[in-house]
Amino acid sequence: MIGSTAVGPDDVHYQMLKHLPNDALLTLLNILNNIWASGKFPTSWRTSTVIPVPKPGKDTSDPSNYRPIALTSCICKVMERMINSRLLWYLERNKLISPMQCGFRKQRSTTDHLVRLESFVREAFAQRRGLF
């Protein structure tokens, strides 16, 4: 579950969700599955509380020196993670993602591509040495 963050407009905090009993978690899962099946998202999930945070070392009297932080529903974010998990599972299971893609995939990272590039460069240098 996501770490400790500020609550959104619905005043539901992650700590509340984290400490729900199993029966309540199953009820929440059923609600989220019904939302998924119907495609009807609560209108409250479309709103956020925007908090302006001043940029460090900038003049606070200038509105352009703030960055907005949008606090959205924690339950909505749980739903987003659930959808993302299901989509990734489906794409991985049906081999619909290129094996060359490393970004946004579990147990893969940019480092994989850097190691692959280094291997190609080393191999190219080794092959060129054999030509002379």
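Buried means under 20% relative accessible area, exposed means over 50%, and partly exposed lies in between, using a 1.4 Å probe and protein chains only. Keep that in mind for the close-ups below. The model is predicted, so local features need pLDDT of at least 70 and side-chain atom pairs count only at pLDDT 80 or more, while totals for chains, interfaces and linings use all residues. Residues are numbered from 1 along each chain as its sequence is written, and side-chain values use heavy atoms, leaving out hydrogens and water.

**View 1. Q107 in the loop between α3 and α4.** Here Q107 is exposed, because its relative accessible area is 83%. Its phi is near 60 degrees, a positive value in a residue other than glycine. Most residues other than glycine have a negative phi. Helices in these legends are DSSP runs of H or I with at least four residues, strands are runs of E with at least two, and both are numbered from the N terminus.

**View 2. D11 in the segment before α1.** D11 is not a glycine, yet its phi is positive, at about 60 degrees. With 56% relative accessibility, D11 counts as exposed.

**View 3. H13, also in the segment before α1 (14–18).** Leaving aside neighbours within four places in sequence, H13 is in contact with T5, V7 and C74; contact means heavy atoms within 4.5 Å. H13 and C76 are 63 residues apart in sequence and 11 Å apart in space, C-alpha to C-alpha.

**View 4. Helix α2 (residues 22–38) crossing helix α3 (residues 74–93).** The two axes come within 11 Å and cross at roughly 70 degrees. Axes are lines fitted to C-alpha atoms, for helices over the stretch in contact, with angles from 0 to 180 degrees between N-to-C directions. That makes α2 roughly perpendicular to α3, a word used for angles of 65 to 115 degrees. Look for L28, L29, L32, N33, I35 and W36 of α2, which make the contact with I75, V78, M79, M82, I83 and R86 of α3.

**View 5. V53 in strand β1 (residues 49–54).** V53 counts as partly exposed, at 25% relative accessibility. Beyond its neighbours within four places in sequence, V53 is in contact with N65, Y66, R67 and I69. V53 and V115 are 62 residues apart in sequence and 39 Å apart in space, C-alpha to C-alpha.

**View 6. Confidence along the chain, given as pLDDT, the predictor's confidence in each residue from 0 to 100.** The chain has a mean pLDDT of 88, and 95% of its residues reach 70 or more.

Conventions:
Angles under 35 degrees count as roughly parallel, over 145 as roughly antiparallel, 65 to 115 as roughly perpendicular and the rest as oblique.
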